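Here is a short briefing on one protein model. Keep the structure open beside the text.

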Amino acid sequence: MITRVEPSGVILKDICEIQTEKCVAEYSSAAITAVWYSPGRKQVNVCRSCFDEMVRRGEWEVKGARLSPRPENMSLMTLYSELENIFRQQILDSYPSDWNEDFITRKIFFEYRKLFRNIQIDGLSSLPIKINSAAYKFTGNPERQFGDIGFIVKIIYPGSHPFEGVTSLEAKIRHKTTRKFAEIKGKQLNIISSNVKYPMLLMYDYQPIEKFHDYSFFPSTTKRNHAVVVPVDIVESIIREIDPYYPEKDKNHKISIDGKSIYKFTVPLAYQILFRYFRGLDLDFNQNLIRSMKGYENEEFPLSYNLREAPLPQYLLLVNVNYGDSETNMEFDINTGIFREITSSEEQEFDF
Ligand SMILES: [Zn+2]
């Protein structure tokens, strides 16, 4: 008879109660987890080896293993607030001792991934929307021709082919003591905007940014913004006023821009993600570019032979936006030989 089991996810040190011939916790305490089994939802402690062995023998069937987990339901405004909370929390936590854009971006992705793994939202359109996403880190040496962050969105409507777009974000922190963004590299932005459409400069500020348009129709929980985006084209226009010859400069040449002159063109990052990217706006639909961003070789955008030096973004965010009741596909197509998934459970993972 097949027993249906459900791992609790709780890890303990104890003796294994199953004790197959593969057991690794037979005589002394080792890492075990508690699983529940039917009928009566009884508990049994089992080591990893025995768990695998029971499943392999077909004596145990893991509850829900082959089905994608049910998405968590959330209203659009709750989601918006949650996103803003993540950005605010991670940015404020990083100031002043860890005030570095790479550090902040990684922490945001880590939290984002927890929130967005699999959710359903109401209120963005007349159809329910299922969203699942995964975040990856490039394991090679990023060259920054596409900015720090690649953002790939696949939008699926019932009865039509999915369409997939990409764009990129280049992150910068506000100067630790002044109002300036002192590390903006004009030439680098120029390279990014020649490679992908609608790239954005992502700006992190340890003080709330209040200069942009009126979002008073949004709930108050979303009003203290610390992460905003502005089109790279606008930033380049501002740079051109300061230095018309910026595209000829070295790619590490820095230009300092006052937050005051740029914030009026920005929108909150959470707004850009939910109301623009998730609707397919501000994305580049060049399919060869998307293949290359995912780490696959192709003729139009040849990656170097040594993929570790390929011109890829440091972080890649893949999102499926599923309109209607179609089955959620949790699979993401990406070259995992050079991209490593950022998981939300790096410690204490007992990977059943
Ligand atoms: Zn065992």
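Tyr198 counts as partly exposed because 18 C-beta neighbours lie inside 10 Å. The cut-offs behind that word are these: a residue is buried with 20 or more other C-beta atoms within 10 Å of its own, exposed with 12 or fewer, and partly exposed in between, with C-beta atoms placed from the backbone. This is a predicted model: local features need pLDDT of at least 70, side-chain atom pairs count only at pLDDT 80 or more, and totals for chains, interfaces and linings use all residues. Residues are numbered from 1 along each chain as its sequence is written.

**Overall make-up**

- The protein has eight helices and 16 strands. Both are DSSP runs numbered from the N terminus: helices are H or I with at least four residues, strands are E with at least two.
- Of the 352 residues in the protein, 32% are buried.
- Among contacts with a separation of 6 or more, 73% join residues 24 or more positions apart. Two residues are in contact if their C-beta atoms, placed from the backbone, lie within 7 Å.

**Backbone points**

- Tyr198 has phi near 55°, a positive value in a residue other than glycine. Tyr198 sits in the loop between helix 4 (186–195) and strand 11 (200–209).
- Asp282 is not a glycine either, yet its phi is positive, at about 60°. Its place is the loop between helix 7 and helix 8 (287–293). Asp282 counts as partly exposed because it has 18 C-beta neighbours inside 10 Å.
- The peptide bond from Tyr95 to Pro96 is cis, with omega near 0°. Pro96 lies in the loop between helix 2 and helix 3 (101–116).

**Nonpolar cores**

- A nonpolar core is a set of buried Ala, Val, Leu, Ile, Met, Phe, Trp, Tyr and Cys residues joined through C-beta atoms within 7 Å.
- The largest such core has 64 residues. Ile152, Leu202 and Leu316 have the most contacts inside it.
- Leu316 touches Tyr136, Phe138, Gly150, Ile152, Met293, Ile334 and Phe339, not counting residues up to four places away in sequence.
- Another core, of twelve residues, lies apart from the largest one. Its members include Cys16, Ala25, Cys50 and Trp60.

**Helix packing**

- Two packed helices are described by the angle between their axes and the distance between the axes. Axes are lines fitted to C-alpha atoms, for helices over the stretch in contact, and angles run from 0 to 180 degrees between N-to-C directions.
- A crossing is left-handed if the near helix is turned anticlockwise from the far one by less than a right angle, and right-handed if clockwise.
- Helix 2 and helix 3 pack at about 150°, with axes 9 Å apart. The two are therefore roughly antiparallel. That term covers angles over 145 degrees; under 35 is roughly parallel, 65 to 115 roughly perpendicular, and the rest oblique.
- Helix 2 passes helix 3 in a right-handed crossing. Glu82, Ile86, Phe87, Gln90, Ile91 and Ser94 of helix 2 meet Phe103, Ile104, Lys107, Ile108, Glu111, Tyr112 and Leu115 of helix 3. These residues divide into eight nonpolar, two polar and three charged. Here Ala, Val, Leu, Ile, Met, Phe, Trp, Tyr, Cys and Pro count as nonpolar, Asp, Glu, Lys and Arg as charged, and the others, Gly among them, as polar.
- Helix 2 (residues 76–94) also packs with helix 7 (residues 269–276), at about 145° and with axes 9 Å apart. This crossing is right-handed. Leu79, Tyr80, Leu83, Glu84 and Phe87 of helix 2 make the contact with Leu269, Ala270, Ile273 and Leu274 of helix 7.
- Helix 4 and helix 5 (residues 232–242) cross at roughly 145°, and their axes come within 10 Å. Their crossing is left-handed.

**Two arginines in helices**

- Arg88 is in helix 2. Arg88 is partly exposed because 18 other C-beta atoms lie within 10 Å. Leaving aside neighbours within four places in sequence, Arg88 is in contact with Arg224 and His226.
- The C-alpha atoms of Arg88 and Pro208 are separated by 8.7 Å, although the two residues are 120 apart along the chain.
- Arg276 is found in helix 7. Leaving aside neighbours within four places in sequence, Arg276 is in contact with Leu281 and Asp282.
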